Amino acid sequence: MRRSLVLAPVLAAAAMLLTAPAAEARQQPIVIRNVSVIPMDREEVLQGQTVVVRDGSIVAMGENVPAPDGATVVDGTGRFLMPGLAEMHAHVAGAEMNARILPLFALHGITTVRGMLGAPQHLVLRDSLAAGHVLGPRLVTSGPSFSGAGLTPEAAAQRVRDQHAAGYDLLKIHPGLTRATFDAMASAAGAVGLRFSGHVPLDVGLDRAIEARYETIDHLDGFMEALLPPGAPVGRSDGGWFGLNLVPYVDMGGLPGIVARVRAAGIAMVPTQTLMEFFANDMTGDELAAREDYAYWVPGQVEQWRQQKNARLASADTPPSGQRARYNEIRREMIRVMHDAGVAILLGSDAPQVWNVPGFSTHRELAEYVAAGLTPYQALRTGTTAIAEHLGEVGSSGVVRPGARADLVLLDANPLEDIGNTLRIHGVIVNGRWIGPSERQRLLDGLRTR
């Protein structure tokens, strides 16, 4: 059972910053008329639909559905209604940063996020978001991460029990764990029925990660190291940034066997490919910082990212351009092969990590999956129905149908024809609250930093 926590002053400040008339607006019926619905439980467009939302749920949908009295009526003619997206590797923070992070997600149609570096205040935030007191996506949160060689097996096992008692949704694994500490953590997690996700520590390795049945492996961590053939002139510890230094040596012939084991273990992947793309590509920090995304992020942090990228490109220790390009080609091949083999790919970009602005980066991640070889529909599944399946919410989230959560995005163009159309947002329904184009623009304007 999750414990109810007393709302801390720091989160009260966040609520003041983020609260719009969310709870009241959630009670108003919303009707979207004459809209093309992309239900996402099948690859189909349902024309001329009327969708009725009340109290946070879709209560009716069809061609001739009457509007309830007092409803807010939205004209959906020429527009496309799809489920809200989920970001399965995100980070929420404290009150000041969350006043930017949470609405940026919501206003870009990201209606569920999995926080992958939890803290006690996030348990309170999770409840406030669910109740509609704060504008933002539904939150699934890990506890504070398991990381570092200094964590003993006994302390790790106790931390598992403490996080389970506190009510966190999952455990987060960071690099640095010893094999003994990881094994103690995994054993304790199994005993209390709590799953774990995240990085694959070097001392653990992908073989043990698969055996331990991670819930998700994030960043495709550990795969490059696992693809090193026997006798390679480098070792797993030489990999650098998620195995970038290993590109000249990996044997892709070993990938199908690894993928078969991943699928048999039921482990899902959260690739965060856009994070790797920005790290490894040839774009300068100046070119990246000029993009529209970064007009909505903290200027000092954008400047830091700009300087870091320029310094990395100029460094003699940085692998050559061709190797960096091949790195992202390999990762895209991994995504395609795993998807085609039946491994669940779950949408996640690691926002707000380096160059990944909340909301914007999730849509870029979708484009990365299409670039890897998925169709637009398959890419959209990674952020809708695939996540509903993963969370045990089939039919109640990630779809447009009566009885499902009213987390919806109204688009001005069909994303099944061009995945870039997911950013052509007319309005969003977040936890049953309609945010139309004028209010959405007003809120976005308030978040601009330049």
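## Exercises on a predicted model

Glutamate 277 is part of helix α10, which covers residues 273-280. The structure you're looking at is a predicted model, so keep that in mind as you work through the exercises.

**Exercise 1. How many helices and strands does the protein have, and why can we call it as compact as a globular protein of its length?**

*Solution.* Count the elements to begin with: you get 17 helices and 15 strands. Now take the radius of gyration, which is 22 Å; the globule rule gives 22 Å for 450 residues, so the protein is as compact as a globular protein of that length. For the overall dimensions, follow the C-alpha trace along the principal axes, where it spans about 70 × 45 × 45 Å.

**Exercise 2. What share of the residues is buried, and what share of the contacts joins residues at least 24 apart?**

*Solution.* Of the 450 residues, 56% are buried. For the contacts, consider those between residues at least 6 apart in sequence: 73% of these link residues at least 24 apart. The accessible surface is about 17200 Å², and carbon and sulfur atoms account for 51% of it.

**Exercise 3. How far apart are the mean positions of the positive and negative charges?**

*Solution.* List the charges: there are 40 positive and 46 negative ones.

**Exercise 4. In which sense do β2 and β3 pair, and what sits in the turn between them?**

*Solution.* Find strand β2 at residues 46-54 and strand β3 at residues 57-62; they pair in the antiparallel sense, over five bridges. To see how they line up, go to valine 52, which faces alanine 60 in β3. Finally, check its surroundings. With 39% relative accessibility, aspartate 55 is partly exposed.

**Exercise 5. Where is methionine 40, and what is its phi?**

*Solution.* Methionine 40 is in the loop between β1 (30-37) and β2. Its phi is about 75 degrees, a positive value although methionine 40 is not a glycine. As for cover, methionine 40 has a relative accessible area of 1%, so it is buried.

**Exercise 6. Which strand pairs with β8, and which residues of β8 are on each side?**

*Solution.* The partner is strand β7 (residues 110-115), and the two pair in the parallel sense over four bridges. In this pairing, threonine 112 stands opposite arginine 138 in β8. Now sort the residues of β8 (138-141) by face: Arg138 and Val140 are on one side, Leu139 and Thr141 on the other. All four are buried, so both faces of the strand are covered.

**Exercise 7. What do you find at glycine 348 and proline 352 in the loop between α13 and α14?**

*Solution.* The loop lies between α13 (321-340) and α14 (360-372), and proline 352 has its place there. The peptide bond from alanine 351 to proline 352 is cis, with omega near 0 degrees. Glycine 348 is in this loop between α13 and α14 too. Its relative accessibility is 0%, so glycine 348 is buried. Proline 271 is 77 residues away along the chain, yet the C-alpha atoms of the pair are 6.5 Å apart. Leaving out close sequence neighbours (within four places), glycine 348 has contacts including Glu87, His89, Pro271 and Tyr369.

**Exercise 8. Where does methionine 252 lie, and which residues does it contact?**

*Solution.* Look in the loop between α8 (223-226) and α9 (255-265) for methionine 252. At 15% relative accessibility, methionine 252 is buried. Leucine 227 is 25 residues apart from methionine 252 in sequence, and their C-alpha atoms are 6.5 Å apart. Beyond the neighbours within four places, methionine 252 is in contact with Leu227, Arg326, Ile330 and Glu333.

How values were computed. Residues numbered from 1 in each chain as written. Predicted model: local features only at pLDDT ≥ 70, side-chain atom pairs only at ≥ 80, totals over all residues. Heavy atoms only, no water. Rg over C-alpha atoms; globule rule 2.2 N^0.38 Å. Buried < 20%, exposed > 50% of the residue type's maximum accessible area, 1.4 Å probe, protein only. Contact = heavy atoms within 4.5 Å. Areas by Shrake-Rupley, 256 points an atom, 1.4 Å probe, with all protein chains shown as cover. Lys, Arg positive; Asp, Glu negative; His and termini not counted. Charge placed at Lys NZ, Arg CZ, Asp CG, Glu CD. Pairing = 2+ DSSP bridges.
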